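Have the viewer open while you read.

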Amino acid sequence: DQLQELIIDGCHEDFMSISQRRDFANLVDDVDNSIRDELFREAVREQVELEVYVPLRSTISKYLVYAWFNEDMEMKHKMKALENKPQSFFRIPKEHRSRSDWSSVSKILKEGVGRSTLPCVKLRAIVDAAKEITHLDAEERSVFPEATFFDGKVVTKTKTLGADDFLPIFIFCFVQAKIERPQALCALLQTMCDPAKMNGETGYYLSSFHAAMTHIHEDLDLSEVNDELAIFLESS
């Protein structure tokens, strides 16, 4: 974090000069240049992670995997037991159940969070996935404004997606994404997240990611899932 701030402060004039080139003439900024400054931070953050994090990645991963091994093994079995559960099991309101099973959201989480290398890219994917939930819900309600047909009952989709509706959907997508070693991953992202973003959009959705994981690990009622999971939990 300190290295990032040193580069931004020391090279700010150079960044300003680059941003004023004709190549960036179409960049639309706001009055206080926050969009431009955010681009500076994103670019520097990504380069710092390429130069510092990537060479140390195998060592960092080894310690994280070891530290969270038991929790991630339990998560693996729980998510396996949950992967075929319908949206109703996660208490997603009928008016917000997706005809596509939120497949576009799960894909963003699986590819952007699960398969990318840099923590900053993983964090952007979490934000993108969260925004896709809102976008897809609105899109499906506009295409199918009259009703949804899940669980054999027609329900008019008129209610706007709220914060209380968001988390069950995010939990469902988290399970469908089948992210490996989520506990170790979340610890990494909480450590590597730019402090300047922790109080903003990125921090909010990272907290949602952590809340989804915690709910699966500690709170979700699994009394109806298979006996294999129960045996595993008793022996842990």
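What follows is a short tour of a few local features.

This is a predicted model, so keep the cut-offs in mind: local features need pLDDT of at least 70, side-chain atom pairs count only at pLDDT 80 or more, and totals for chains, interfaces and linings use all residues. Numbering runs from 1 along each chain as its sequence is written, and side-chain values use heavy atoms, with hydrogens and water left out.

Start with helix α9, residues 201-219. Helices here are DSSP runs of H or I with at least four residues, numbered from the N terminus. Its 19 residues reach 25 Å from first C-alpha to last, close to the expected 27 Å; that expectation is 1.5 Å times one less than the number of residues.

Now the backbone. Most residues other than glycine have a negative phi. Arg-91 has a positive one, and Lys-178 does too.

| Residue | Phi | Loop between |
|---|---|---|
| Lys-178 | about 55° | α7 (163-177) and α8 (182-192) |

Arg-91 counts as exposed because its relative accessibility is 71%, while Lys-178, at 44%, is partly exposed.

Ser-98 also sits in the loop between α4 and α5, but it's buried, at 0% relative accessible area. Its side chain makes a polar contact (N or O atoms within 3.5 Å, one able to donate a hydrogen and the other to accept it within protein; residues adjacent in sequence count only if both atoms are side-chain atoms) with the side chain of Ser-100 at 2.9 Å. Another polar contact, of 2.9 Å, joins the side chains of Ser-98 and Glu-140.

Terms used
Helix = DSSP H or I, 4+ residues; strand = E, 2+ residues; numbered from the N terminus. Buried < 20%, exposed > 50% of the residue type's maximum accessible area, 1.4 Å probe, protein only.
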